[in-house]
Amino acid sequence: RESDHRAWTPVTYTVTRQNATVQGLTEGKAYFFRIAAENIIGMGPFTETPKELIIRDPITVPDRPEDLEVKAVTKNSVTLTWNPPKYNGGSDITMYVLESRLIGKEKFHRVTKEKMLDRKYTVEGLKEGDTYEYRVSACNIVGQGKPSFCTKPITCKDEIAPPTLDLDFRDKLIVRVGEAFSLTGRYSGKPAPKVTWLRDDIAVKEDDRTKIKTTPTTLCLGILKSVREDSGKYCVTVENSTGSRKGYCQVTVVDRPSPPVGPVIFHEVHKDHMVVSWKPPLDDGGSEITNYIIEKKDTHRDLWMPVTSATVKTTCKIPKLLEGREYQVRIYAENLYGISDPLISDEMKAKDRFSVPDAPEQPIIKDVTKDSAVVVWNKPYDGGKPITTYIVEKKETMATRWVRVTKDPIYPSTQFKVPDLLEGCEYEFRVSAENEIGVGDPSPPSKPIFARDPVAKPSPPINPEAVDKTKNSVDLSWHPPRHDGNGKIIGYLVEYQKVGDEDWKKANLTADSCPETNFKVTGLTEGLTYKFRVKAVNAAGESEPAYVPDPVEVKDRLEPPELILDANMAREQHVKAGDTLRLSAVIKGVPFPKVSWKKEDHEVSPKADIEVTGVGSKLEIRNTVHEDGGIYSLTVENPAGSKTVSVKVVVLDKPGPPRNLQISEVRSDSCYLTWKEPEDDGGSVITNYVVERKDVASAQWLPISSSSKKRSHMAKYLIEGTQYLFRVAAENQFGRGPYVETTKPIKAIDPLHPPGPPKNLHHVDVDKTEVSLVWNRPDRDGGAEITGYLVEYQEDGAEEWTKFQTVPMLDCVVTGL
C-alpha cells in the first residue's frame with residue numbers, strides 16, 4: 001500500500017520462492033509491503049515492513065569527476081580545477097578527495113585533509129623542479145568513487161605566457177584643443193608584464209594634465225585639457241621576460257592656425273591696386289589651411305574692408321584703391337577648426353612707380369664644360385612692369401668689351417646655357433633685365449671661370465705614413481692621389497685626433513698651405529697618442545680622407561747620428577792658396593746631434609765660418625793660406641751615439657825655401673852647390689830649382705840654372721879671385737818659393753890642400769938623451785909653399801905623441817929624451 005493510503009493492493013497470489021519483484025510502482029512514492037504464507041489449510045498472518053520504502057534507483061558510489069585541468073603552475077604551487085561526475089551514484093556529493101603522486105614513487109597521497117566541496121584547489125608548498133601527477137575522487141553517502149584520470153606530469157616552475165594586448169583605440173585620433181582624451185586597453189601575460197607609454201619615442205611623464213593608470217589587466221593613458229604639444233605618435237609597450245607587444249596611435253590635437261608669417265611683401269604697387277604676398281603660418285593647427293581672409297584699410301579710417309575670403313594662395317591682388325592714399329593689409333589663416341590671429345602689413349601708398357628693372361644679383365655659373373656654361377640668376381625687381389626678356393653677356397676676363405651671347409629672347413627662365421666657348425679661356429658673365437620701360441643695369445660680373453670640363457673631387461691620397469716624430473711634432477708623408485678629378489691638386493688638408501676623442505682637429509687651415517706631399521704636425525703633447533688623416537683638395541672640394549694606418553705616440557725618436565759626406569769631405573781635400581775652403585756634410589739623427597769641428601784636436605781657426613742647420617753643417621775659410629792645411633775632424637753626437645769623420649786639407653801654394661845650401665869644391669873658375677828639398681813642397685811636386693849668383697860688388701843676381709830637377713849644381717865660368725854670393729829657390733805648379741842664400745861670399749880660387757908626408761925619415765946620430773933626424777921634401781906641397789915641418793916623438797909602448805917643435809929645414813935634433 002502507498003504510505004498515504006490505508007488500502008492494501010495484492011501484488012501476486014502464487015509465489016513459491018522467498019522473493020518477489022513488485023512492478024508498477026511510481027518513482028518517488030513511499031510504500032509499505034506485507035507478506036503472508038499459505039498452505040492447503042489456509043493463509044497465515046501477514047508480516048509488514050517496519051518502515052516505508054521510497055521508490056528510486058539503487059544508490060552507488062559516484063562516477064569519476066571529469067575534466068581535471070591544471071590552471072596555473074608556479075615554482076611552488078599548482079592550481080587545479082575539475083567538473084563533477086556525470087552520475088553522483090544516486091546521492092549528493094559530500095566532498096572531493098584530491099591526491100598526488102611524485103613521479104618516481106608508486107603511491108598516491110591525499111593532498112587535502114579537510115572536507116572539500118569546491119572544484120578548484122591550489123596545492124602549495126611544493127619544491128621547485130619536482131614533477132607530480134594528480135587525480136581527484138568524489139564521495140557521497142555510500143562512499144568514495146573511482147578517481148579521475150591522472151593529469152599529465154606537472155613540473156613546479158614559474159608559468160610563462162607571452163604578453164597579449166587588446167586596445168580600445170584606433171591608429172589615428174583627432175582631438176580639439178582643450179578637450180580630454182584617453183587611450184585604454186587590456187593586457188595579460190605571465191609573469192605580469194611591465195607597461196610603458198611613449199610619445200614620439202620619449203617616455204610620457206605624469207603631471208597635472210597627464211594621468212597614467214595601470215591595473216593587473218587594464219591600462220589607460222588620459223590627458224586633460226589637451227594642447228597642440230600633446231600631438232604625436234603614442235606607443236604603449238607591454239613587456240615581460242617572454243616578449244613584448246606594442247600598440248600605436250597617432251594623436252593629432254587640432255586648433256586654429258597661428259597667424260601667417262610676415263612681413264607682407266608688396267610686389268606691385270599701382271595707383272589703383274597692389275599685389276602682396278606672405279608666408280604660410282608656422283603652425284597650421286594640425287589641419288591644412290583651407291582659406292586665407294584678406295582685408296584692407298585706409299590708414300586715415302578705422303574701418304577694415306574685405307578683399308577676399310576665399311583663397312588658398314599666399315599672394316593676392318588688392319583692388320579698388322584711391323591714388324595717393326596709404327593702405328594697410330591684414331591677413332587671417334583659416335582651417336577646419338577656426339581662424340587665426342591676423343598678420344598686419346606696413347603702410348604703403350597707392351601710386352604708380354614704373355621704372356626699368358633693377359640689376360640682377362651677381363649670377364652664378366654652373367655645369368661648366370670645355371665649350372659651354374650655364375648662367376643662373378635671380379629675378380630682380382621688375383620696376384613695376386613685367387620683365388619681357390633677359391640679356392646675357394660674356395667677355396674674356398682680360399678683354400674690355402662685353403658680347404651678347406644670343407639674340408633670341410630669354411624669358412621667363414632665369415638660367416641660360418651659353419654655347420661656343422673656347423676651351424681654356426677664362427670668361428665672366430653678366431645679366432640685364434628688360435621691361436617695356438627699357439633695359440635695366442647689368443648685374444655685377446660673375447666670378448671668372450675657365451672653359452674646361454668639370455672638375456670632380458680627387459681620390460684620397462695614397463699610403464700616408466708617419467716618417468718622423470719628436471716630443472711635440474710628427475712628420476707625415478704620402479703619395480698624390482691616383483685621380484685628380486680633372487683639376488689641379490691645390491694642396492692637402494692634414495687633420496689629427498687624440499686617441500679617445502671624437503673630434504678631428506685641423507693641422508693646417510687651408511690646403512694651399514700644404515702643396516707638397518709631406519707636412520710637419522706641430523704643437524702636439526708629449527706622451528699622447530694621435531691618429532692622422534690627409535685629404536686632397538682641388539677646385540671641386542676635398543677628397544675622402546686617407547688614414548695613417550696606426551696611431552703614433554708623440555715622443556723623441558732616438559736615432560744615432562749619421563754623416564753623409566759631401567764631395568768636399570773626401571779623405572784629402574786640396575785647395576789653392578787664396579781660394580775658399582769649404583767642408584760640408586749632411587747630418588742625420590734624432591734628436592739632432594751636437595756638432596763640433598776640430599783641427600789637429602784643437603779648436604779651428606777663428607777665421608773659419610761654421611754654420612749648423614737642421615740638416616747639416618758647413619765650415620768655410622776664405623783666402624786660405626798654407627797654415628790652414630791640416631787634419632780637420634767633424635764630430636756629431638746625441639744620446640744615441642756619436643760619429644766622427646776626418647779630412648786632410650792641403651792648401652796648394654808655392655814651395656818653401658830649400659834647406660842646407662852648401663858650397664864645396666871651390667876652384668878658380670867653378671864651385672859645386674848642394675842643398676836639400678824644402679820642408680814644405682806647397683802640396684805639389686817640386687818641378688825644378690832656380691839657381692842664381694851675384695858678384696858681391698854688383699846689385700844684380702844672374703841666373704845660372706832655371707830647370708834643374710837635381711838638388712845640386714856645378715857653377716862654372718867664375719872669374720878667379722872674385723867673391724860670389726849664391727841663392728837657390730824651388731818651383732812647383734803654383735809658383736816659385738822664397739830663395740835660400742849663402743851666408744858669406746865664396747872666393748873663386750883653387751883650393752889649398754895639406755902637403756904630402758915628408759919622405760925617407762931616418763936618424764943619423766943617437767945619444768943617451770937626444771936623436772938627430774933627417775928627411776927629404778914631400779912629393780906634393782898642396783898648392784902652396786911649405787913653411788915648416790912639425791916633429792913629434794913617442795916613447796915606446798905609450799899611446800900619445802908628444803910635440804917637440806916645428807923646424808924650417810929638412811933636419812932636427814930631438815933633445816930631452
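**A bridge and its sheet**

I began with Lys 594, whose bridge partner in E53 is Glu 637. The model I am reading is a predicted one, and I keep that in mind for every entry below. I then looked up the strand that pairs with E53 here, and found that E49, covering residues 594-599, is joined to E53 by 6 bridges, the two strands running antiparallel. As a reminder to myself, strands of a sheet pair through backbone hydrogen bonds, in either a parallel or an antiparallel way.

Next I asked in what order the strands of the open sheet lie. I noted 5 strands in the order E47-E54-E53-E49-E50, with mixed pairing. Strand E47 (572-576) and strand E50 (602-603) stand at the edges, and because each has a single partner strand, one side of each is left without a neighbour in the sheet.

**Asp 628**

I moved on to Asp 628, which I found in the loop between strand E52 (616-621) and strand E53 (630-638). Is Asp 628 buried or exposed? I recorded a relative accessibility of 5% for Asp 628, and since buried means under 20%, Asp 628 counts as buried. Setting aside residues up to four places away in sequence, I listed what Asp 628 touches: Lys 599, Lys 607, Ile 621, Asn 623, Val 649 and Val 651.

**Glu 428**

I then turned to Glu 428, which lies in strand E35, residues 426-435. Its relative accessibility is 12%, so Glu 428 counts as buried. Apart from neighbours within four places in sequence, its contacts include Glu 393, Lys 394, Lys 395, Trp 402 and Pro 448. I also checked Glu 428 against Val 651, and the two are 223 residues apart in sequence and 67 Å apart in space, C-alpha to C-alpha.

**The whole chain**

Finally I looked at the protein chain as a whole, which has 0 helices and 68 strands. The C-alpha atoms fill a box of roughly 245 × 120 × 50 Å along the principal axes. Of the 817 residues, 36% count as buried, and the accessible surface comes to about 50000 Å², with 49% of this surface belonging to carbon and sulfur atoms. Among contacts between residues at least 6 apart in sequence, 62% join residues at least 24 apart. My last entry concerns charge: the mean positions of the 112 positive and 121 negative charges are 9 Å apart.

Notes:
Residues are numbered from 1 along each chain as its sequence is written. This is a predicted model: local features need pLDDT of at least 70, side-chain atom pairs count only at pLDDT 80 or more; totals for chains, interfaces and linings use all residues. Side-chain values use heavy atoms; hydrogens and water are left out. Helices (H or I, at least four residues) and strands (E, at least two) are DSSP runs, numbered from the N terminus. Buried means under 20% relative accessible area, exposed over 50%, partly exposed in between (1.4 Å probe, protein chains only). Contact means heavy atoms within 4.5 Å. Accessible areas come from the Shrake-Rupley method with a 1.4 Å probe; for residues, only the protein chains shown count as cover. Lys and Arg count as positive and Asp and Glu as negative; His and the chain ends are not counted. The place of a charge is taken as NZ of Lys, CZ of Arg, CG of Asp or CD of Glu. Two strands pair if DSSP finds at least two bridges between them.
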